[in-house]
Amino acid sequence: MPYFGAFPNYFQLYLDSLGKNADCLSVFLMTDNDLSGYRVPDNLIPIQLTLGALREKVARLINDEFGMNVLPDALLKQPYKLADFRIMYLELFRDVSEQYGVTDDDFVGWGDCDLIYGRFSDFLDMKEDYQIIGGFHGHFTAVRNIDSFRKLFKAVEGLLGLLLDETSRIVDEVAFRKPLQDFLERNEYRMFYINRYFCDIVPECFFGLFRQDHAQRNTNFFDVYHSDKEIDYVHYDRDGRLTVVYEDGDSRQSIYCHLQKRAMLVDFDRYENGYYRSE
């Protein structure tokens, strides 16, 4: 996860939830941010990297894979553009994988830090013969660390143009979807479809995509796959498990909660008995 700019104001909660998943999940955080003010779990591996150095790294990869010389300064003018390069991360950061002993049996991918993780082991049995964990979303996707996945980005039609376009094209979720689906089907690979289990809370800018009457509602605190239900609260308990509770009384366990484009308005530092997230 290369990251540049301010962390979400609940970044410590992300780190704490990551720490609860040390049995199966590690994050390589490439950043020039100062982490000294945070409690960093052992399964968060910080790697010092500037945006300028990353631009040079990307320019070299484009030269190697597409035979095109690109000036580093022409790339990644906004860090948000990184989402379009995620499908190249296995190759782009292959040196990191090799340095830290990542094997072909491991999964490598990309994710966001605007998440609160539940307990992955409650949902995912790593003994199952999965080749991909996640699905088609940028906030969490991981694939087997093998050459066929590593080079799959080259199957995206017109990828170079999408990468050089300054506009964010959401390549990881849009242009990459069909090549990935075809690849999985062709190889008969199994996928742990994480969409069934996460809670993707919809930000205001996307209300209209899911609720035609959102402007007439008193609240719009809902998730993508249950847009007909209003969330009462999301509970993170002392054991690191997430429960989504709806206003109609229904509830469900969640593998993670994606709080995209939202900030927390109440500051707190200690929560030995867990905490609640509400609208």
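Student: In this predicted model, which residue of β6 is the bridge partner of I133?

Tutor: Strand β5 spans residues 130-134 and pairs with β6 in the antiparallel sense. Their pairing runs over 2 bridges. Within β6, the residue bridged to I133 is A142.

Student: Which residue in the hairpin of β5 and β6 takes a positive phi?

Tutor: The hairpin of β5 and β6 has 5 residues between the strands. A positive phi near 150° occurs in this hairpin at G135.

Student: Over how many bridges do β3 and β6 pair?

Tutor: Strand β3 comprises residues 107-111, and its pairing with β6 is antiparallel. One of the bridged pairs joins W110 to T141 of β6. The number of bridges between β3 and β6 is 5.

Student: Is strand β6 mostly covered or mostly uncovered, and how many of its residues are buried?

Tutor: Strand β6 covers residues 140-144. A residue counts as buried when its relative accessible area is under 20%. By this criterion β6 is mostly covered, and its buried residues number 5 of 5.

Student: In β11, what is the bridge partner of L242?

Tutor: Strand β10, residues 242-246, pairs with β11 in the antiparallel sense over 4 bridges. In β11, the partner of L242 is S254.

How values were computed: Residues numbered from 1 in each chain as written. Predicted model: local features only at pLDDT ≥ 70, side-chain atom pairs only at ≥ 80, totals over all residues. Heavy atoms only, no water. Buried < 20%, exposed > 50% of the residue type's maximum accessible area, 1.4 Å probe, protein only. Pairing = 2+ DSSP bridges.
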